[in-house]
Amino acid sequence: MNKKMTKKELRKMSYSWSWNRSLAWNYQKMMSCGYLSTMIPFLDEKYKDDEEARLYAYDVHSQFFNSEPNLSNVILGMDIAIEEELGSEGIDTAAGVKTSLMGPFAGIGDTLFGVIGGTIFGSIAVATAVEGSYIGIALWTLWSFFVMFFLRPKLMEMGYKQGLKLVTTLSGELKRFTNAASVLGLTVLGGMVATMVGVKFGTFTLFGTEVDLQVSIADKIMPKLGSAIVVAVCYYLLGRKGMNANKLTWIVLLGMLVLSFLGIVIVP
Amino acid sequence: MELQVWQILLLTAWAGLSIVDQMTFNLGANGIIQTGIFTGIIIGNPILGLLVGGTLQSYALGIGAYGGASVPNWPAAAIIVTALAGSLDNVAATIAIVGIPVAALTVQLDVFGRFANVVFQHRADKYAKIGNGKQVVLSNRLGLSSWLISRMLPVFIALLVGPALIGAITNYMPQWLVSGFTIVSKVFPAVGFAILLRYLPTKKCIPYLILGFALAAWFQAPIIAISVIGLVAAIIIYKQSDVPAVAVDISADGEDYDE
């Protein structure tokens, strides 16, 4: 009964999680369905001689779940390790681990994989794509394959083999890594602000004198002044209460149309 | 640009594949640039798709579906803009007239999908109670239907009525509005960047943001060069930082959940 999972089985489970995780994502229990669906083959095998425990495990694993898809592999790995070791007694422990880790792992994982990975690979892909080169998007796609076929199975294996003691070391290491990666992300983003955001000021007539805002003011201060201003304004607006990305989209769309109508900004 | 029936069908199918990939493996079919390239191939102009995809991706750089948030549907926009623009000259206007509104308005369909799946959640819960694993897995898969409808329908309709609509709009649009939309399409990456800056520890690490900006603004450094310099800074920071003694508080409730 206490059969140990092989590397191959863990890999299969990681793929199963990738497939199932958000198929029925919903506002009520989010990834709960995906979590249970991933666990079902394991639970059916593990509790095949104990129907009561099996039903209990089904119930426990159909509770609310939501976390970052990659780091969730660690949680799943720990979960099956705990249940394998403790049997039906371990179901509640596993549920506790799962519930307490999903929040912190979502925070770290979203920053690391979503924000930073997206910034670094995304920026390079964008910068090369607009110049007509496929190299950046090829790199990003390669990274996606690496995550799917190497990283996620690896994380599942780590969670399974090292169990709870991994939490302390892994999250410490991830924070350190996230910190350094943020530095890289911000450097790239600074470059992207200057290269991708195109703003050119027009001419403005004041007391009968025509002033070329771009040439006689902006360019004298620094290159790409307009880009820096627009991003700073958007950043500020996003910090205001009740603002979100969708609202900002419309504000920028309409705002720029007005500024262009007034001739304050022109086609770069 | 007029589209053939087979083109419309293939592009609609890709819209479905794209959302399934986003909800599952994340291998790239959900990518805005990849979607642009695929559309480009279908209409016989892959480079156009690459450029449209790259431009739209720059709008979305900071936008992820964290915690199941609904975000603008840029992959759909990439299909529609690439297919309808036809040529490079029309890209900026098509992005502003069709791309941005489609991406922003179809957000509601994502909300629909996330609501509709509650039905399948209840179905799964019912079968979980009696321990019927097969039906639980099936309920989970039924969730696919909501996702497919939410993404394939808008793309299909837009590709069907789009060409006539675009033609009518561009014919009657005054010049100042055309240039206005061109300006919008150039400024728009600022939105994505600002969102990203809100997620990153911008205030703490502002010198690096300035460094990257300065390298590009004054020295016209290519983005790969800036990445390498950023990598050097990151490695130094990583090597100098100590491993924190106490890690996350595992009892804490996080606010950021994922899709």
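Is the crossing of helix 4 of chain A and helix 6 of chain A left-handed or right-handed?

## Two crossing helices

The crossing of these two helices of chain A is right-handed. Like everything described here, this comes from a predicted model. Helix 4 of chain A covers residues 72–86 and helix 6 of chain A covers residues 135–162; their axes come within 7 Å and cross at roughly 35°.

On the helix 4 side, the residues that meet helix 6 include Asn73(A), Val74(A), Ile75(A) and Leu76(A). Among their partners in helix 6 of chain A are Arg152(A), Leu155(A), Met156(A) and Glu157(A). Sorted by class, the contact of helix 4 with helix 6 has 10 nonpolar, 3 polar and 2 charged residues.

## Helix 5 of chain A

Helix 5 of chain A has 39 residues. A straight helix would reach 57 Å at 1.5 Å a residue, but the end C-alpha atoms of helix 5 of chain A are only 49 Å apart.

Where does helix 5 of chain A bend? The bend, of about 35°, is at Met102(A), and the proline Pro104(A) follows within four residues. Helix 5 of chain A is also mostly covered, with 31 of its 39 residues buried.

## Where chain A touches chain B

The contact takes 109 residues from chain A and 105 residues from chain B. Several elements of chain A give two or more residues to this side, among them helix 1 (7–20), helix 2 (32–46), helix 5 (91–129) and helix 7 (165–196). Helix 6 of chain A, described above for its crossing with helix 4, is also one of these elements.

Which helix of chain A gives the largest share of the side that touches chain B? Helix 7 of chain A does, with 26 residues. By class, the residues on the chain A side divide into 61 nonpolar, 37 polar and 11 charged.

## Two residues with positive phi

Most residues other than glycine have a negative phi. Met30(A) is not a glycine, yet its phi is positive, at about 50°. Met30(A) lies in the loop between helix 1 and helix 2 of chain A. Is Met30(A) buried or exposed? Met30(A) has 26 other C-beta atoms within 10 Å, and a residue with 20 or more counts as buried, so Met30(A) is buried.

In chain B, Asn26(B) has a positive phi of about 60° and is not a glycine either. Asn26(B) is placed in the loop between helix 1 (5–23) and helix 2 (32–43) of chain B. Asn26(B) is buried because 21 other C-beta atoms lie within 10 Å.

Key
Residues numbered from 1 in each chain as written. Chains lettered and ligands numbered in written order. Predicted model: local features only at pLDDT ≥ 70, side-chain atom pairs only at ≥ 80, totals over all residues. Axes fitted to C-alpha atoms, helices over the stretch in contact; angles between N-to-C directions. Left-handed = near helix turned anticlockwise from the far one by under 90°. Contact = placed C-beta atoms within 7 Å. Nonpolar A, V, L, I, M, F, W, Y, C, P; charged D, E, K, R; others polar. Expected span 1.5 Å × (residues − 1). Bend = angle between axes of the 7 residues up to and from the residue. Buried ≥ 20, exposed ≤ 12 C-beta atoms within 10 Å, placed from the backbone.
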